[in-house]
Amino acid sequence: MSKHVIFIAIGWFIAIMYPLSSGADEPKASHLFSQKIKGSLQETSAVGSYAWGCLAGGTKLTESGPTWQAMRLSRNRNWGHPALIEFIIDLSERAKELGWLGLYVGDLSQPRGGPTPTGHRSHQIGLDVDMWMLPPERLNLTVQEREDISSISIRTHDQKSVNDNWTNIHMNLLKAAAEDPRVDRIFVAAAAKLEMCEKAGNDRDWLQKIRPLSGHNYHFHVRLKCPDDGSTECLTQSPTVAELSKGGDGCDETLEWWVTDYLELLKRPPDPDAPKRTHPRDYVMSQLPEQCQKVLNAPDS
């Protein structure tokens with residue numbers, strides 16, 4: 001497997017496309033966006049790409065609903081494009097139909113999107129959401145309980161297979177999300193996709209959207225397509241899932257790589273001569289789409 005394909009699989013290609021330039025004296029965009037506690041009073045628009053952009057006119061996911069609860073409220077990352085809010089509610093209702101009480105919802109975006117000071121590379125344009133693997137036991141958690149409770153891992157310690165936390169409902173929920181036409185791709189632990197590839201049977205087209213990625217054993221990450229709402233500055237992710245899967249279901253040697261070569265790759269010491277990859281948290285405003293300055297400066301919604 002070439003280095004190019006490896007970088008695509010790991011999800012670093014967007015960061016490589018937008019390297020940090022000489023803006024050392026400028027404040028970090030992640031700091032500026034994290035200081036905004038409300039969305040912008042603008043027409044709704046996803047600006048830029050998932051790991052390089054911002055969100056105009058974002059909508060806040062209600063902290064609790066009949067089939068969901070937003071977690072870690074102190075982060076103030078339960079904002080998104082209205083299309084994402086609608087999707088989350090729809091998927092939570094589907095989760096109830098499948099046998100759960102609903103969903104515990106992790107991070108969406110900050111009120112105006114943009115880079116976050118901790119955590120994610122993506123989640124910048126209001127079209128990404130993390131769904132917890134933990135089936136809700138209650139949907140009346142207090143604010144403090146939402147800070148204290150943790151999700152569960154669905155893979156074994158060696159990362160090669162799912163553990164006893166994995167259930168058929170997990171698989172059916174991921175399938176329901178993948179079959180939604182609004183969804184571009186879903187990131188989950190490679191062990192989970194291996195399990196789904198084995199159990200899917202002949203109905204497997206939906207597996208194409210399920211993409212293996214490290215760090216996604218406690219939650220699965222849903223990414224929507226650019227909405228058809230006038231978000232003309234929203235950049236469709238490239239390569240597409242179809243290109244990554246070469247038109248198949250993605251249950252191939254690339255998937256096997258994630259539980260063989262990739263795990264060995266993690267054990268190697270970093271190459272001191274390798275070019276430094278810039279994390280989006282270090283971007284400055286001049287490196288983001290020009291429209292993001294207007295989003296940052298707009299009055300509160």
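Q: Which cysteine forms a disulfide with Cys-197, and how far apart are their sulfur atoms?

A: A disulfide is a covalent bond between the sulfur atoms of two cysteines. The criterion applied here is a pair of cysteine sulfur atoms within 2.5 Å. Cys-197 is joined in this way to Cys-251, with the sulfur atoms 1.9 Å apart. The model is a predicted one, in which local features need pLDDT of at least 70 and side-chain atom pairs count only at pLDDT 80 or more, while totals for chains, interfaces and linings use all residues. Residues are numbered from 1 along each chain as its sequence is written, and side-chain values use heavy atoms, with hydrogens and water left out.

Q: Where in the chain do Cys-197 and Cys-251 lie?

A: Helices (H or I, at least four residues) and strands (E, at least two) are DSSP runs, numbered from the N terminus. Cys-197 belongs to helix H7, whereas Cys-251 is in the loop between H8 and helix H9 (253-258); the two are 54 residues apart. Their link is left-handed, with -80° about the S-S bond.

Q: Is Cys-197 buried or exposed?

A: A residue is called buried under 20% relative accessible area, exposed over 50%, and partly exposed in between (1.4 Å probe, protein chains only). Cys-197 counts as buried because its relative accessibility is 11%. Cys-251, at 26%, counts as partly exposed.

Q: How many disulfides are there by this rule?

A: The count comes to three. Another of them joins Cys-54 to Cys-292, S to S 2.2 Å. Cys-54 lies in strand S2 (residues 52-56) and Cys-292 in helix H11 (residues 291-297), so this pair ties together parts that are 238 residues apart in sequence. Cys-54 is buried at 0% relative accessibility, and Cys-292 is likewise buried at 0%. Cys-226 and Cys-234 also form a disulfide, with sulfur atoms 2.1 Å apart. The torsion about the S-S bond of Cys-226 and Cys-234 is about -80°, so that disulfide is left-handed. With bonded cysteines counted along the chain, the pattern is 1-6, 2-5, 3-4.

Q: In which sense do strands S9 and S11 pair?

A: Two strands are said to pair if DSSP finds at least two bridges between them. S9 and S11 pair in the antiparallel sense over four bridges, and Phe-187 stands opposite His-221 in S11. With strand S10 (residues 210-212), S9 pairs in the parallel sense over three bridges. There, Val-188 has Pro-212 of S10 as its bridge partner. Between S9 and S10 the chain passes through helix H7 (residues 190-199), and this β-α-β crossover is right-handed. That word applies if, with the strands pointing away from the viewer, the path from the first strand over the helix to the second runs clockwise.

Q: How many residues of strand S9 are buried?

A: Six of the six residues in S9 (residues 183-188) are buried, and the strand is mostly covered.

Q: What does the side chain of Ser-231 reach?

A: A polar contact is a pair of N or O atoms within 3.5 Å; within protein, one must be able to donate a hydrogen and the other to accept it, and residues adjacent in sequence count only if both atoms are side-chain atoms. The side chain of Ser-231 reaches the backbone nitrogen of Ala-46 at 3.1 Å. A polar contact of 2.6 Å also links the side chains of Ser-231 and Asp-229. Ser-231 is placed in the loop between strand S11 (219-224) and helix H8 (241-245), and counts as buried at 7% relative accessibility.
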